[in-house]
Amino acid sequence: MTADKVAERLKKKLPVPYTEWLPEKVRRNVGKWVDRKYHGYGIIEHISATGDRIFTVKVGTPPNFRLSTDTLKKFVDIADTLGIGGIKITRNGNLEILTDSLDKALKIKEEVEKMGFPVGGWGPTLWSINSCTAFLTCTTAVVDAPSITKVLYDHLKPYFTGEVKLPAKLRINVSGCPSACGGFTTDINIVGHYGDAPTYDPERIKLCLPKSAKALEMGHVPEVAEVCPTGAIRVFGKPDGTVGLEVIRPKCIACGRCRDVCDWIDFDQSKAGVAILIGGKASNTGRGPLPSIQVIPWIPAIPPDYREIVAVVKKIIDLWRENAREGERIGDWMARVGLEQFYKMLNIPVTKWNKPVTLTGEFGFRQFGPI
Amino acid sequence: MEVKQQRPLTVEEWAAEGMELLKYYEKGPWPSHVSELKKTKYPIEAYAAGLAARKTMWAAGSAKIRYVYTGFIARRTRDGKISELHFRVWQPSGYLYSTEKLKKLIEFTEKYGLGLIELAGQQGQMIISIRPEVADEAVDYLRDVVGTDVGATGDTIREIAACVGPALCEYSLYDTLEARDKFLTHPKIYEWMSNQLFPFKFKAKFSGCPFDCTRAVHRADFGFIGVWEGAPEVDQEAFRRKVEAGEVDPEKLAANCPSGAITWDNERKELRIDGTRCKKSMHCIRTAFPAIKPGKNRKIAIVVGGHVKGRFGGKMGKPLAVVNSVDEAMDWVVKTVESWMEHMEKGVVKHKDRIGDFIMKVGFKKYVNEILGLKEVGKPSLHPSLRAGAVLDDEERKMYAAWASKIVEEVFGRRA
């Protein structure tokens with residue numbers, strides 16, 4: 001291979017234009033859709049001005065959306081034989097198979113259910129549980145998100161398929177560490193964290209520190225200390241000329257930024273647990289976009305069955321089902337009844353980490369005023 | 001405080017126990033990730049060991065692929081025994097694939113990878129596990145045969161998300177897919193995406209309507225959300241038909257409008273929507289579509305500085321401008337990124353400061369007025385910093401554990 005050819009890699013080859021990737025029937029109808037109908041909770045029909053109709057079947061996927069090519073090939077097969085040769089992957093890792101009649105859509109549903117994959121996730125249902133990679137790939141995960149997700153999905157499957165009705169859309173996100181790769185805009189966010197200030201391996205931490213105290217005198221701050229948002233990590237020169245590190249516990253917020261940049265910042269894994277944040281949403285429905293709020297700062301995360309997490313999530317969903325009005329997402333419900341009322345219902349102990357707050361103001365483009 | 005390891009943290013030491021644990025996740029009604037992984041050549045022992053040790057086995061690894069500086073993730077286990085390589089692959093706008101293209105990706109995975117595909121990463125990119133020894137060759141195959149490329153990792157332009165937009169949605173108010181294509185091929189963006197020159201990652205998201213399916217409001221440094229001016233458009237005739245057919249209850253529709261902008265004139269059988277009050281919640285539109293549609297005068301609202309991962313906690317996007325097309329905003333994107341990089345050179349912005357952190361440091365007003373040379377058109381709402389975590393002492397930990405076990409009892413009953 002010539003060097004020039006390899007150097008070409010500096011210019012990314014982008015999958016543009018997107019139309020080249022579309023199944024033919026979709027390409028014909030781009031921008032022409034005029035109406036939609038729902039057929040249960042897992043099939044949606046789009047009607048085009050050209051008279052074409054496309055039925056989409058939404059399929060739930062395993063935690064962290066990982067599929068073997070064996071399984072994916074089976075889906076591709078179904079999309080070819082019963083569908084129009086198109087598959088859409090959603091941002092939340094669900095897989096949607098496109099077809100052109102309700103009969104075929106129902107057959108697709110039957111086929112994927114035979115494979116052990118559920119169909120559902122539109123309307124007032126559990127849309128998806130978004131899981132980060134955690135112990136599958138990640139270097140900073142504190143708890144294992146995919147296994148928590150699997151256990152939650154096993155318990156909440158009837159909410160996905162629509163067998164049990166919810167007041168409105170529900171999204172859950174499980175993140176293995178406070179970086180919260182799933183974001184804070186889902187209704188229930190489960191985020192793994194240390195539950196304590198970090199500790200460190202006294203020998204290996206030296207790999208993240210300058211060798212001699214002289215570097216500190218020159219004004220160099222090692223990244224492990226510099227990255228701390230609250231100044232809870234102090235580095236100092238020792239009398240013998242080496243560098244020491246101290247974690248100032250009262251300042252620490254357990255965010256884990258230090259661990260992102262230094263592998264040898266460590267923690268006591270017996271204290272690891274999850275925080276639960278609720279009420280986040282991105283959509284402009286109801287009260288508009290809302291940031292989620294940490295209501296439970298810590299509960300234990302114990303594999304394999306994660307009973308505490310499942311119980312608390314189920315309890316929150318039950319309360320929401322009993323008390324919310326139709327169409328009210330958890331954040332909207334919370335905004336109406338107030339966080340303090342919610343705390344009372346669940347009898348949650350309050351510490352400085354979960355003081356009830358009231359959100360004032362509106363988010364998203366509502367910040368512009370009337371448009 | 002020093003941690004003493006009871007057992008060495010090696011895959012070998014923990015794998016057997018972990019493989020037992022994994023069996024638990026092959027049962028149950030939901031499709032199992034473990035069963036899927038077991039069908040592939042994925043080194044599942046490392047995952048198993050992590051689960052048993054309750055600590056991730058992975059540490060940062062390294063890989064060298066000539067002239068590729070972003071887009072792959074290399075990992076090795078802490079004991080150095082197993083290594084892994086993931087390719088983040090650019091998805092087409094909308095993530096809509098013809099099976100023909102998907103088959104090519106599957107062929108690619110089987111030829112160079114472990115037979116494992118992660119359909120959507122946290123940003124929507126496709127992730128494919130690759131055998132490290134063939135990675136160099138794999139890049140060319142991906143480029144030449146599949147027609148896409150390794151995506152983005154690190155401090156650069158990351159996967160840009162667009163909702164399905166006009167390809168399969170009636171509500172889409174602008175062509176989000178074309179906008180994403182154009183954004184990615186913008187000369188500056190295109191130049192930046194091959195290297196990691198930024199303080200931290202950069203994301204943009206394109207949502208076609210106020211439902212904001214890509215969550216542009218919170219998860220994008222630049223979020224472009226379709227919106228219309230004034231009131232939704234009501235086809236009174238079609239609406240009356242829906243009312244007569246019993247599909248829509250007009251009184252309920254008006255009562256449930258979150259903006260309080262709707263009144264139903266029962267005598268004239270007319271629905272009135274006050275455009276000055278409408279907050280674009282989409283409530284009436286999704287209830288009575290297509291009799292009620294978004295208004296004709298379509299715009300794009302831009303929110304800036306939203307993010308999750310950043311030094312000072314997550315932020316919601318701040319209001320920047322309402323424009324007619326994404327092109328109008330490209331200069332602002334370029335100016336923002338350049339200024340963000342300049343401020344890093346000056347030492348104001350630190351490594352791992354997102355654009356939201358940068359705006360927080362220089363001040364929103366100053367950012368809009370002086371850096372972009374614009375007038376503010378909106379005022380950001382305040383919220384507490386979005387973060388999770390707590391530093392608890394043993395007493396507090398016991399208190400929450402006791403509370404949780406009470407809830408376990410309530411939900412599952414007392415353990416026998």
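Modeller: In this predicted model, domain 2 and domain 3 of chain A bury about 700 Å² between them. Of that area, 44% is on carbon and sulfur atoms. The size of an interface is often given as the accessible area lost when the parts come together. On the side of domain 2 of chain A, the residues that lose the most area to domain 3 of chain A are A:Thr140, A:Tyr194 and A:Trp353. Together these three make up 56% of what that side buries. The contact takes 8 residues from domain 2 of chain A and 9 residues from domain 3 of chain A. Taken over C-alpha atoms, the centres of the two domains are 33 Å apart.

The domain assignment gives domain 2 of chain A in two pieces, 126-194 and 269-368, while domain 3 of chain A covers 199-266.

The largest nonpolar core has 114 residues. Those with the most contacts inside this core are A:Leu152, A:Ile172, A:Ile188, A:Ile190, A:Ile316 and A:Phe342. Helix H9 of chain A, residues 307-323, gives the largest share of the core, 9 residues. A second, separate core has 82 residues, including B:Val164, B:Leu173, B:Ile189 and B:Trp192.

Chain A as a whole has 11 helices and 15 strands. The C-alpha atoms of chain A fill a box of roughly 80 × 70 × 50 Å along the principal axes. Of its 371 residues, 65% count as buried. Among the contacts in chain A with a separation of 6 or more, 62% are between residues 24 or more positions apart.

For chain B, an unreviewed UniProt entry carries the annotation "domain: Nitrite/sulphite reductase 4Fe-4S" over residues 154-371. In the model, that span of chain B is 35% helix and 17% strand, and its end C-alpha atoms lie 25 Å apart.

As for confidence, the mean pLDDT of chain B is 93, with 98% of its residues at 70 or more. The model scores ipTM 0.94 and pTM 0.94.

How values were computed. Residues numbered from 1 in each chain as written. Chains lettered and ligands numbered in written order. Predicted model: local features only at pLDDT ≥ 70, side-chain atom pairs only at ≥ 80, totals over all residues. Heavy atoms only, no water. pLDDT = per-residue confidence, 0-100. Core = buried A, V, L, I, M, F, W, Y, C linked by side-chain atoms within 4.5 Å. Buried < 20%, exposed > 50% of the residue type's maximum accessible area, 1.4 Å probe, protein only. Helix = DSSP H or I, 4+ residues; strand = E, 2+ residues; numbered from the N terminus. UniProt positions renumbered as here; feature names shortened; annotations may be inferred. Domains from an automatic or database assignment. Contact = heavy atoms within 4.5 Å. Buried area = accessible area lost by both parts, 1.4 Å probe.
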